[in-house]
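User: Could you walk me through this structure? I would like to begin with its pockets.

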Amino acid sequence: MVKSRENLVSGEINKEESSNESVIHWADTAAVSVMKRKRETYVVAAGVAPSGSVTFGHLREVISAEIVARAIINRGGKVKLIYSWDDYDVFRKVPKNMPNKEELKNHLRKAVIDIPDPFGKSSNYAAGFEQGLEAVLPRLGIMPNYRYQAKQYRDCKYSEGIKKALSQRKEVIEILNEHREKPLSSDYWPITIYSDIDGTDLTKVLSWDGDKMITYLDVDNKRKTIDLTLSGAVKLLWRIDWPMRWAYEGVDFEPAGKDHHTAGGSFDTAEPISRIVYNNE
């Protein structure tokens, strides 16, 4: 049986080694860096969009976070491990290995949580993939605090974070443009709105009143107004959503795949957005 992080000492670090900055593994290097923040509890995060079959790469991400969490614990720190399911992400394409492909095509541009499970076993498309990984993790001694992002948004947990992005829209555009060959258009907004007609994100944001109300064109081309503090239909776009959640959860460490760390990738934009928009290092 795999040991839990509470009784596993990765790398056999003893108390004397834990008292200095000697490191024997990349996770120890990360732990030493993170613990310079001197927090009572360190927050380690990971996550994935359940838009298709869960892969070994998804498992690698949560294992990477768990290894760092254990390294922090080995050095006397307390840790909260968060695993986010990005089940409010847009369903952009039908994976090749899915059954009922033609039916799934009818649900493109909806949130993955609002799509039926093509296997007919779970309450929705996202849940089917989530449940598979959640069943495996305890066998590896990994028991994170799960965050289901559709619920977070629909419970309006992020309304203040959305307001900050809207109030500093100009700064967000400037940061994103630093890593783009073609500058964003003047009508760019850092949010999308899911339609109350067909559930897709094929709407167009028109204006924000500086407080709670957003005006947009719905898929029927009619102007509508929505209160972002009462409706969960408003969602931040990914490059702003990620740093917003760092600030909201107080994240100290989060691993990510190499695609996020390429030059101009989402980490290069998330770091300054976190710092400038959300006042979070």
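Analyst: The second largest pocket has a volume of about 260 Å³. A pocket is an open set of points on a 1 Å grid over the protein atoms alone where a 1.4 Å probe fits, with protein on both sides within 12 Å along at least five of seven lines. The volume is the space filled by probe spheres set on the points, which are joined across faces, edges and corners. This is a predicted model, in which local features need pLDDT of at least 70 and side-chain atom pairs count only at pLDDT 80 or more, while totals for chains, interfaces and linings use all residues. Residues are numbered from 1 along each chain as its sequence is written, and side-chain values use heavy atoms, leaving out hydrogens and water.

User: Which residues lie nearest the centre of that pocket?

Analyst: They are Trp246, Val251, Asp252, Phe267 and Glu281, out of twelve lining residues; a lining residue has an atom within 4 Å of a point. Helix 11 (residues 266-276) gives the most to this lining, with three residues. Helices (H or I, at least four residues) and strands (E, at least two) are DSSP runs, numbered from the N terminus.

User: How many salt bridges does the structure hold?

Analyst: There are 19. In one of them, Arg147 pairs with Glu249, with the closest N and O atoms 2.8 Å apart. This pair links distant parts of the chain, since Arg147 is in strand 3 (residues 145-148) and Glu249 is in helix 9 (residues 238-249), 102 residues apart.

User: Is Arg147 buried or exposed?

Analyst: Arg147 is buried, at 17% relative accessible area, and Glu249 is buried at 14%. Buried means under 20%, exposed over 50%, and partly exposed in between (1.4 Å probe, protein chains only).

User: Changing topic, where is Asp86?

Analyst: Asp86 sits in the loop between strand 2 (78-85) and helix 4 (101-105). Asp86 is buried because its relative accessible area is 7%. Not counting residues up to four places away in sequence, Asp86 touches several residues, including Trp238 and Arg245; a contact means heavy atoms within 4.5 Å.

User: What does Arg245 pair with?

Analyst: Arg245 forms a salt bridge with Asp241, their closest N and O atoms being 2.5 Å apart. Both lie in helix 9, four residues apart, about one turn of the helix.

Definitions and conventions:
A salt bridge is a side-chain nitrogen of Lys or Arg within 4 Å of a carboxyl oxygen of Asp or Glu.
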